[in-house]
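Here are some notes for a colleague who is opening this structure for the first time. Please read them with the sequence and the model side by side.

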Amino acid sequence: MSLSQDPPALRLHVDGPIARITLARADKLNALTLPMLQALDAACEQLERAHGVRVVVLDSDHPQAFCAGADIGQWGPLTPAQMWRSWTRMGHRVFHRLATLPQPSIAAVHGMALGGGLELALACDLRVAEPGSSFALPEASVGAVPGWGGTQRLTRLIGPGRAKHMVLRSARIDAATALDWGLVQEVVEAAPLLSARVHELAQEVAQRAPEAVQLAKQLIDIEAGGLSAETMAAGLAQALPNAREGTESFKAKRPARFTDL
Ligand code: COA
């Protein structure tokens, strides 16, 4: 399935239990536009309802970049209020939707992951990179602040000192440092091996019990995903024998006889 503008700058492809979202804006290093954010939103909506999809992979088909961030070129004509209403809130909402997908997600990063591009990778559950990749939140150097979850997700992942090192100095770090700091979970050689390894990881996750994987993800992200975990827990509780007993005793106007598991 293709989403967004023509040619599509963001594609969703579902193959059995593994879904793949691919950034494909070749001429601008995958810089993110509003239509791409809308396409990502639509992809997430589809994945939230997709029965049988167990893992989501997010990658890029650009040879040099995962994503060079928000499309700065489109900011010029916007007033501060329009900027906040459209770009900031839209990106924030969509990245939150990606981060709180029921399925775990894996970002396959090769080349640059800058600004919104790094924030996109941070919204995934796992990150795998190739040795030539680089990571930065350079917003301050263009008079902006990371606004799509970067300050919070990066800080949770690598701690405030290292996050400030990156954000306040617009410092770019390499893959080895990202691995050392826990920003990425694995570094694997060269592009074909990167996608092979990410596919292998996705298959590993897909072989685990899907409800257990999804609950565990949301418990780990409890601050962000507490409400989704609550929804799942409520659903699971309904599947237990005591839920049936509770309903039947209510209808029969008698005390419930709950049993231990
Ligand atoms: N927004 C809009 N366009 C972008 C972009 C962005 N974030 N990042 C790259 N591009 C565009 C360039 O303008 C250029 O377009 P053009 O060919 O029409 O001029 C094209 O992508 C290729 O980029 P170019 O700068 O020629 O490649 P490079 O290898 O010399 O430099 C970067 C790559 C990423 C270092 C440089 O493009 C850059 O600094 N981009 C901004 C990154 C950034 O600050 N992101 C955070 C945004 S808050």
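1. The model is a predicted one.

2. Overall make-up. The protein chain holds 10 helices and 11 strands. Its C-alpha trace spans about 70 × 45 × 40 Å along the principal axes. Of its 261 residues, 46% count as buried.

3. Surface and contacts. About 13300 Å² of the protein chain is accessible surface, and carbon and sulfur atoms contribute 57% of that area. Among contacts in the chain with a separation of 6 or more, 67% join residues 24 or more positions apart.

4. Nonpolar cores. In soluble globular proteins, nonpolar side chains tend to be buried together. Here the largest nonpolar core has 53 residues. The members that touch the most others are Ile-21, Phe-66, Phe-135, Leu-154, Met-166 and Leu-183. There is also a second, separate core of 12 residues, with Val-57, Ile-106, Ala-108 and Val-188 among them.

5. Helix α5, buried side. This helix covers residues 160-169, and its buried residues include Met-166, already met as a member of the largest core. Ala-163 and Val-167 are buried as well. Viewed down the axis of α5, the buried residues fall within an arc of 90°, so they line one face of the helix.

6. Helix α5, neighbours. What do the buried residues of α5 pack against? Three of the partners are helices: α3 (116-122), α4 (150-158) and α6 (175-181). The strands β9 (134-136) and β10 (173-174) are also packed against.

7. Gly-161, Lys-164, Leu-168 and Arg-169 are exposed, and they sit on the face turned away from the buried side of α5. Just after the helix, Ser-170 takes a positive phi of about 50°.

8. Thr-33. Is Thr-33 buried or exposed? Thr-33 is buried, with a relative accessible area of 2%. The residue lies in a loop, between β3 (18-23) and α1 (34-49). Asp-174 is 141 residues away from Thr-33 along the chain, and the C-alpha atoms of the two are separated by 26 Å.

Note on methods
Residues are numbered from 1 along each chain as its sequence is written. This is a predicted model: local features need pLDDT of at least 70, side-chain atom pairs count only at pLDDT 80 or more; totals for chains, interfaces and linings use all residues. Side-chain values use heavy atoms; hydrogens and water are left out. Buried means under 20% relative accessible area, exposed over 50%, partly exposed in between (1.4 Å probe, protein chains only). Helices (H or I, at least four residues) and strands (E, at least two) are DSSP runs, numbered from the N terminus. The arc is that of the directions from the helix axis to the C-beta atoms. Contact means heavy atoms within 4.5 Å. Accessible areas come from the Shrake-Rupley method with a 1.4 Å probe; for residues, only the protein chains shown count as cover. A nonpolar core is a set of buried Ala, Val, Leu, Ile, Met, Phe, Trp, Tyr and Cys residues joined through side-chain atoms within 4.5 Å.
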